[in-house]
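Dear colleague,

I am passing on the structure below, and my notes on it follow directly after.

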Amino acid sequence: MKLSQYFVPTLREAPQDADAVSAKLMLRAGLIRKLGSGTYEWLPLGFRVLKKVEQIVREEMNRVGGQEVWLPVIQPKELWCETGRWGVYGKELLRITDRKDAEYCFAPTAEEVITNMVRRDVRSYRQLPLLLYQFGLKFRDEIRPRFGVMRAREFYMKDAYSFHATEADANLWYKKLYGAYDNICRRCGFKYAVVEAEAGPIGGNFSHEFMVLAETGENEIASCVCGYSANVEKAEVAKDEFPPADQSQFEPLKEIPTPGIYTVEDVAKSLNLPENRFIKTLFYTADGEPVLALMRGDHQLNENKLRRALGCANLEKASEEVYTAIASCNVGFAGPVGLREKFQSKPGAKPLKTVVADHAVAGIINGVTGANKTDAHLINVNIGRDYAPNAFADLRAAAKGDNCPVCKKPLEFSRGIEVGHTFKLGTKYSAAMKAEFLDEEQKAQTMIMGCYGIGVSRIVAAVIEQNNDANGILWPAPIAPFEFSLISIEGEDSTVHDAASKIYRQIQAAGMEALWDDRNERPGVKFKDADLMGMPYRVVVSAKTLADGECEFKLRADKGRGERWKLAEIQEKLARKSQLVARTET
RNA sequence: CGGGGAGUGGCUCAAUGGUAGAGCGCUCGCUUGGGGUGCGAGAGGUUCCGGGUUCAAUUCCCGGCUCCCCGACCA
């Protein structure tokens, strides 16, 4: 492609509202433009990258036996009601009404549609297993879109769904897909990690996320040298063990005034006690029932863990009304001491059945907590003597200082961008939607499912986030829009142009592509733009080297001048390069 | 959802109660030709929309829309 004819509007400065490095570079290099909050146009250069990633994903999906389909993006409400997700998906689900007032949603994912499709036409175990996938536009009405196409509302995703007759087969295919995802990540050329993940609104038995490692990633990963690795949303921590409390250490319970001071940090400061002596009392509503969660003052609650510990479907932080109704004090002054009794004595109040405590709470001796009285706290609070949770569980968000649940060594933390997510769904959707088949004994069985997503547009941004320098993008060759930047520094006569033209064709003959900067621009402009756009290889043709029958070759990643290539040897040099550009055919 | 900020040429931003300007970009000419060259001449704006105050509003006030930032784990 000749740059003079190509629609790549590069920018010297990034638009003011671009936040992430990758967003700035994508805008500047002319890959994308923004239309509205979280919606982007993909220009020719960006679209090429998107299509290259798509092709890699397609090849790997086909390799493990996937069959490509194409599903509607406008999906009827009825289907979503069958699984109950019309109600639970929340505001992220963009709902649409047609001229007949029928309700639809714009697909954020396609479990309902595909399960419906399969249940209609699959009757026999002989038709299973089945792995279907598609590429398509997805829309999720994010609260706060940011980081360009990394967290956009509209995005391009590959979603795959598998259907199985047996649990064992489902697990086997889960492993196959996991392998395919490994290949995809490797071929796209980024550093990544696979972590155990929270299944979220998709649900299912277990899931893994494929993370592009980057400091600016939105996800925090907890990992251990032993191989354990999990999203902190999910990460377990080694259970705290405490010797039986020595009652003789217990000081008498005492109430002290703390007017207007209620955060752990402030109370700790004013009493001059460490935060790990505090018992935080958190109020939640679990499937409509009030529950209490107790945390050590320096720990953060992980709501996913609480949800799992309670076995509830819906978990929300309790409203201020509920809070004051239970604790009869202002927010910030509640504590577990005597709370249950106090609350239950209220006429008409729902009983406060559940008080769960994080394991670490058991180790707090002479602790501090709210007095259930505005402007007062209790000190020397002791478990067993002053309050008793009905259960202990791992509730806290893994953080520095916590140990690995597998080998008990200290956990390490890093950041990543989630680009792929695999779920072992089980029968969550097939049971709700009655996707059944007949087994060998003519017995109706529910299909076992898995689902597997890859954010194609997000991969593009994530790769840039990981591969850039002060001058621009550094594309890994397999997904670069073009393998080569060809720069011709042309003079009066046509010798340079002719030589460049020949090299341009030779690059194509070697099975690669070049973006030839044939514009009538100064060399500096061309170099700057080439750096910005970040093709992995660069060939410069100018009168200077042409006199010696040579051109210049340089890697985008290299700082120096690169090497001289004899024009006569160029064919063979290019052949070698094209072998490096991993192009696996299927 | 709460709080804050911003909407002026393609981009980054000025300015003003009397209908607007710079740099970059764009067009043309000359110049230059290895890291965004220099000079000159141009094109390009209903100052987000609606209302109010005023002789006069892009500017002040109100409402809306859009975009951005921060928070939403405080118990």
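What share of the contacts in chain A with a separation of 6 or more comes from residues 24 or more positions apart? Such pairs account for 72% of them, where two residues are in contact if their C-beta atoms, placed from the backbone, lie within 7 Å.

Please bear in mind that this is a predicted model, in which local features need pLDDT of at least 70 and side-chain atom pairs count only at pLDDT 80 or more, while totals for chains, interfaces and linings use all residues. Residues are numbered from 1 along each chain as its sequence is written, and chains are lettered from A and ligands numbered from 1 in the order in which they are written.

Chain A has 16 helices and 31 strands, which are DSSP runs numbered from the N terminus (helices H or I, at least four residues; strands E, at least two). Of its 586 residues, 41% count as buried, that is, with 20 or more other C-beta atoms within 10 Å of their own, C-beta atoms being placed from the backbone.

Around RNA strand B there are 49 residues, of which Ser 37, Val 264, Gly 524, Phe 527 and Ser 542 come nearest; a residue is near the strand if its C-beta atom, placed from the backbone, lies within 6 Å of it. Helix H14 (523–533) is among the elements that each supply at least two residues of this surface, and H14 gives the most, with eight residues.

Gly 453, which lies in strand E24 (residues 448–455), is buried because 24 other C-beta atoms lie within 10 Å.

With best regards

Methods:
Buried ≥ 20, exposed ≤ 12 C-beta atoms within 10 Å, placed from the backbone.
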